[in-house]
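Here are my notes for you, point by point. Keep the model open while you read, and find each residue as it comes up.

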Amino acid sequence: MQRLLAIMARLRDPVTGCEWDRAQSFGTIAPYTIEEAYEVADAIERGDHDDLRGELGDLLLQVVFHARIAEEAGLFDFTAVARAISDKMEARHPHIFGDAATDHTAWEVLKAAERRQAGATSTMDGVARALPALLRADKLQRRAARDGFDWPDTAGPRAKVVEEMQELAEAGPASMEEEAGDLLFAAVNLVRAYGVDAEQALRRANDKFERRYRAMETMAAGGFADLDLEGQEALWQAVKAGERAT
């Protein structure tokens, strides 16, 4: 860890450091941080543990990079970052690090107390706007559910999806985007009601579509785009049938 911190300090040296690294800021590095987090998730999804080791290192580098920028600005350093998360984890697990009789289910209560101490005035405070839209929708809905603002079963969300589909079908150009957003939000709510992670489900659906599309291209021997829709659909069904057979 000390070696990595020293490397970052040298890269950011205003005289002898790397020109690109010296030019970066919180804002310019943030997209790379998000990208690296997704690459960690991808390695986990693929079960590639060697790649996971490397991707975790890339993600750790992002933390070190942000901490170095903060240290140069006199805000905080890496040690303060590590101390803060250590304090937080101990406070959130009093049944492990404190009173063994404390109920471990108090996690959400403790998190809510932390948000209040940080000046939160709404249940929705702290749900990052930079999250992927599906993931953020799920988190907003889960926050609302904590206050009891949720359907008791799947019937309500199912009816809401049907309602939003109809409203989208009837929408004019000025309201079409809004109605489309309402439909997607309702779909996340329905999926959540079934206990499914919407972000994970869509990622897997994307992977499945890509896999099947590539298989169709292979079957068409490079002529897939020249087929009419009926021919393309026939290949799609053939690919699906092949997957079922295996």
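1. Let's begin with Arg136. Leaving out residues up to four places away in sequence, Arg136 touches Val127, Ala128, Arg129 and Leu131, where contact means heavy atoms within 4.5 Å. You'll find Arg136 in helix 8 (residues 133-146). Helices here (H or I, at least four residues) are DSSP runs, numbered from the N terminus, as are strands (E, at least two). Arg136 and Val188 are 52 residues apart in sequence, and their C-alpha atoms are 10.0 Å apart in space.

2. A word on the ground rules. This is a predicted model, in which local features need pLDDT of at least 70 and side-chain atom pairs count only at pLDDT 80 or more, while totals for chains, interfaces and linings use all residues. Residues are numbered from 1 along each chain as its sequence is written, and side-chain values use heavy atoms, with hydrogens and water left out.

3. Now look inside. Nonpolar side chains tend to be buried together in soluble globular proteins. The largest nonpolar core here has seven residues: Met8, Ile29, Val64, Phe65, Ala67, Ile69 and Phe78. Helix 4 (residues 49-72) gives the most to this core, with four residues. Such a core is a set of buried Ala, Val, Leu, Ile, Met, Phe, Trp, Tyr and Cys residues joined through side-chain atoms within 4.5 Å. Buried means under 20% relative accessible area, exposed means over 50%, and partly exposed is in between (1.4 Å probe, protein chains only).

4. Stay with Phe65 for a moment. Not counting residues up to four places away in sequence, Phe65 touches Met8, Arg12, Trp20, Asp21, Gln24 and Ile29. There is also a second, separate core of six residues, and Ala220, Phe224, Leu235 and Trp236 are among them.

5. Which residues form a nonpolar patch on the surface? They are Met1, Phe26, Leu60, Val63, Leu75, Phe76 and Val81, with about 570 Å² of accessible area together. A patch is made of residues with over 30% relative accessible area and no salt bridge, with nonpolar side chains (Val, Leu, Ile, Met, Phe, Trp, Tyr) joined within 5 Å and like charges within 9 Å. The areas come from the Shrake-Rupley method with a 1.4 Å probe, and for residues only the protein chains shown count as cover. Val81 sits in helix 5 (residues 78-92) and counts as partly exposed because its relative accessibility is 30%.

6. On to charges. The structure holds 16 salt bridges, each one a side-chain nitrogen of Lys or Arg within 4 Å of a carboxyl oxygen of Asp or Glu. In one of these, Glu210 pairs with Arg214 (3.0 Å, N to O). The two are four residues apart in helix 11 (residues 198-219), so about one helical turn separates them. Glu210 is partly exposed, at 41% relative accessible area.

7. Salt bridges that share partners join Arg12, Arg68, Glu71 and Glu72 into one network. Within it, Arg68 bridges to Glu72, and their closest N and O atoms are 3.2 Å apart. These two are also about one helical turn apart, because four residues separate them in helix 4. Arg68 is partly exposed at 23%, and so is Glu72, at 38%.

8. Lys160 and Glu163 give another salt bridge, with the closest N and O atoms 3.2 Å apart. Both lie in helix 9 (residues 155-170), three residues apart, about one turn of the helix.

9. Ile34, in helix 3 (residues 26-46), is 25 residues from Leu59 in sequence and 8.8 Å from it in space, C-alpha to C-alpha. Asn206, found in helix 11, is 130 residues from Phe76 in sequence and 40 Å from it in space, again C-alpha to C-alpha.
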